[in-house]
Amino acid sequence: MSRLEGRTALVTGAGGGIGRSIVNCFAQAGAVIVANDCDGTRLAELAKEQPDIITYEADVTRLEDVQAMVANVGERFGRLDVLVNNAGVPSRSDFRHLSDEDWAGVMEVNLQGTVRCMRESLDLLKVPGDAAIVNMGSIMEMRHVRQLSAYAASKAAVGALTRSVAMEYASFGIRVNAVTPGYVETAMTKTVLRNEAMREALLSRTPLQRFAEPDDIAQATLFLASGEAKSITGQCLIVDAGASVAL
Ligand code: NAD
């Protein structure tokens, strides 16, 4: 039996590197997938790869978009088994120059976007009685990297939120966990990882001498979303080739 056979999954930020891998992995596992992104071009490309998915263009920073998207899932399926809050953006300012707008821009997607999608989906997630939410964290919540203070703070908050909502909704059969990746090669990290010196420096501090691939993050997401993780809630699963443990 495929691990998500007959399960309905909503994946945000599905047009990006990690989101795409999650969609491909969930499709192989038998899920019915609603793939969200705010970038319609990316969604159209994804739909060519996975013609059976439903794509839904929406911006997670806009409450009315999120409400309409969740209502659409409700009308089609009457339930939601898996919600993956993967949409995310990096910050790009030294702290001294971080404007209120920069800060809000990052928080609006990474934190409030996750809050909105979780909160608006709760009624649909309660229907199956054994639903799962998987949020996307980052090891930047515990490491310092220049210009990523807003990003780090947003991801630390996602971890705290994951634990709180997990406790509040355990009695409804909703498990809430997060995947916490280290560096993964996607559009988000291309500037850093295509710089050979930077790449070597990062690898030299990474025990397994590799960066996680988008599919590694997708497999961890699938595990937490599936029945194999039925006794796991309120956890953040680090997938970083050992980087956060090394000195
Ligand atoms: P990516 O830039 O390739 O993909 C992010 C996707 O999110 C894009 O398709 C983008 O259009 C979408 N998105 C952005 N704002 C949105 C919004 N307001 N509404 C809907 N969609 C929106 O990045 P990625 O590397 O695939 O990152 C996916 C997730 O993984 C993010 O949450 C990111 O913070 C997290 N993450 C990435 C890394 C990494 O090294 N790449 C490491 C740790 C965590």
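Let me start with helix H4, residues 100-126, which lies across strand S4 (82-85), strand S5 (131-136) and strand S6. Against S4, helix H4 runs at about 180 degrees. Bear in mind that this is a predicted model.

Staying with H4: the helix has 27 residues. From its first C-alpha to its last it reaches 36 Å, close to the 39 Å expected at 1.5 Å a residue. There is also a bend in H4, of about 45 degrees, at Glu108.

Now the sheet under that helix. In what order do the seven strands of the open sheet come? The order is S3-S2-S1-S4-S5-S6-S7, and the pairing is parallel. Strand S3, residues 54-57, and strand S7, residues 236-239, stand at the edges. Each of these two has a single partner strand, so one side of each is left without a neighbour in the sheet. On average, neighbouring strands of this sheet are turned by 15 degrees against each other, direction ignored.

Next, the S7 end. Strand S6, residues 174-181, pairs with S7 in the parallel sense over four bridges. In that region Ala178 stands opposite Cys236 in S7. Helix H5, residues 149-169, packs on the sheet and touches S5, S6 and S7. The direction of H5 makes about 160 degrees with that of S6.

Last, the ligand. How many residues surround the ligand, and which are the closest? There are 32 around it, and the closest are Asp37, Arg42, Tyr151, Val184 and Thr186. Tyr151 falls within the 149-169 range of helix H5.

For Thr186, a polar side-chain atom lies 2.5 Å from a ligand oxygen atom. For Val184, the atom concerned is a backbone N or O, at 2.8 Å from an oxygen atom of the ligand. Ile18 likewise places a backbone N or O atom 2.8 Å from an oxygen atom of the ligand.

That is what I have for today.

Note on methods: Residues are numbered from 1 along each chain as its sequence is written. This is a predicted model: local features need pLDDT of at least 70, side-chain atom pairs count only at pLDDT 80 or more; totals for chains, interfaces and linings use all residues. Side-chain values use heavy atoms; hydrogens and water are left out. Two strands pair if DSSP finds at least two bridges between them. Axes are lines fitted to C-alpha atoms, for helices over the stretch in contact, and angles run from 0 to 180 degrees between N-to-C directions. Contact means heavy atoms within 4.5 Å. The expected span of a helix is 1.5 Å times one less than its number of residues. The bend at a residue is the angle between axes fitted to the seven residues ending there and the seven starting there. A residue is near a molecule or strand if one of its heavy atoms lies within 4 Å of it. A polar contact is a pair of N or O atoms within 3.5 Å; within protein, one must be able to donate a hydrogen and the other to accept it, and residues adjacent in sequence count only if both atoms are side-chain atoms.
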